[in-house]
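Subject: A structure for you to look at

Dear colleague,

I am handing over the structure below, and I would ask you to have it open while you read the notes that follow it.

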Amino acid sequence: MLSSARSLFRMARNGSLTPFRIIVDGQCVWLAHGAVFGFSAVAGLLTALRLKHSGGFPDVGAFDLWVTMACGLGGLSALVLAGNKMGGKGIRGLVRAFYGALWITCVGAIIAGTLALPLYGTMFAPLMLGITFVGSPELALLWFANFLAIHVLMWGYRSKQDRFFERIKEAAAEPRRAAPKSDVPAKFPPLTPVNP
């Protein structure tokens with residue numbers, strides 16, 4: 001993991017780091033999961049601070065940090081539970097990704113609310129996240145732009161996997177050649193027991 005981070009840093013310094021290069025190098029899954037964790041944590045913190053204070057910059061306590069961590073874990077868990085909703089091909093994959101973004105948002109809010117406040121948070125976390133998105137549409141726009149980027153990253157990963165498994169399927173479908181006949185018995189006669 002450390003060597004891949006070094007290679008990413010080296011490519012960024014050389015100027016050869018592009019989003020497609022990250023997809024090709026297989027770093028896209030880690031990047032997608034990190035983006036979901038980070039955006040979920042920030043959205044959870046903003047939601048908690050919006051409920052707690054009405055004006056000025058509020059003080060952040062231990063509970064707010066726990067809510068932030070719970071929201072990050074909730075979003076990450078929802079992405080893992082989403083399965084193949086993100087990263088499909090074509091228009092159908094894009095529609096499925098939009099449905100997956102809504103699904104991840106709702107399920108992630110339920111998981112995060114359950115972690116933060118077991119019963120109360122389970123019921124009201126999706127509602128509070130929705131109110132936060134209505135109150136600040138730019139946050140909702142960034143949220144769904146994040147999921148569009150995650151869809152592109154997962155699409156790159158899945159297409160790379162598909163190419164790999166297609167090559168395996170093609171190799172398995174080829175008829176196997178018979179093994180060449182060995183001339184080992186001709187070179188070495190069979191061992192016979194020697195009677196003394």
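To begin with the aromatic side chains, Phe 133, Trp 143 and Phe 147 together form one aromatic cluster. Please keep in mind throughout that this is a predicted model.

By the rule used for pairing rings, the count comes to four aromatic pairs. One of them joins Phe 98 and Phe 144, whose ring centres are 6.3 Å apart and whose planes stand at 35°, so this pair is tilted. The step behind that word is that planes under 30 degrees apart would count as stacked and planes over 60 as edge-to-face, with the rest called tilted. Phe 98 belongs to helix H5 (residues 90–116) and Phe 144 to helix H7 (residues 137–173), so the pair ties together parts that are 46 residues apart in sequence. As for accessibility, Phe 98 counts as exposed at 52% relative accessibility, whereas Phe 144, at 27%, counts as partly exposed.

Tyr 120 and Phe 124 also form a tilted aromatic pair, with 4.9 Å from centre to centre and 45° between the planes. Both residues lie in helix H6 (residues 120–135), and because they are four residues apart there, about one helical turn separates them. Tyr 120 has a relative accessibility of 54% and counts as exposed, while Phe 124 is partly exposed, with a relative accessible area of 33%.

The crossing in which H4 passes H5 is right-handed, and the contact of H4 with H5 has, by class, 17 nonpolar residues, four polar ones and no charged ones.

Helix H3 (residues 28–52) packs with H4 at an angle of about 140°, and the axes of these two helices are 7 Å apart. H3 and H4 are therefore oblique to each other, and H3 passes H4 in a right-handed crossing.

Note on methods. Residues are numbered from 1 along each chain as its sequence is written. This is a predicted model: local features need pLDDT of at least 70, side-chain atom pairs count only at pLDDT 80 or more; totals for chains, interfaces and linings use all residues. Side-chain values use heavy atoms; hydrogens and water are left out. Rings of Phe, Tyr and Trp (its six-membered ring) pair if their centres lie within 6.5 Å; planes under 30 degrees apart count as stacked, over 60 as edge-to-face and the rest as tilted. Buried means under 20% relative accessible area, exposed over 50%, partly exposed in between (1.4 Å probe, protein chains only). A crossing is left-handed if the near helix is turned anticlockwise from the far one by less than a right angle, and right-handed if clockwise. Ala, Val, Leu, Ile, Met, Phe, Trp, Tyr, Cys and Pro count as nonpolar, Asp, Glu, Lys and Arg as charged, and the others, Gly among them, as polar. Axes are lines fitted to C-alpha atoms, for helices over the stretch in contact, and angles run from 0 to 180 degrees between N-to-C directions. Angles under 35 degrees count as roughly parallel, over 145 as roughly antiparallel, 65 to 115 as roughly perpendicular and the rest as oblique.
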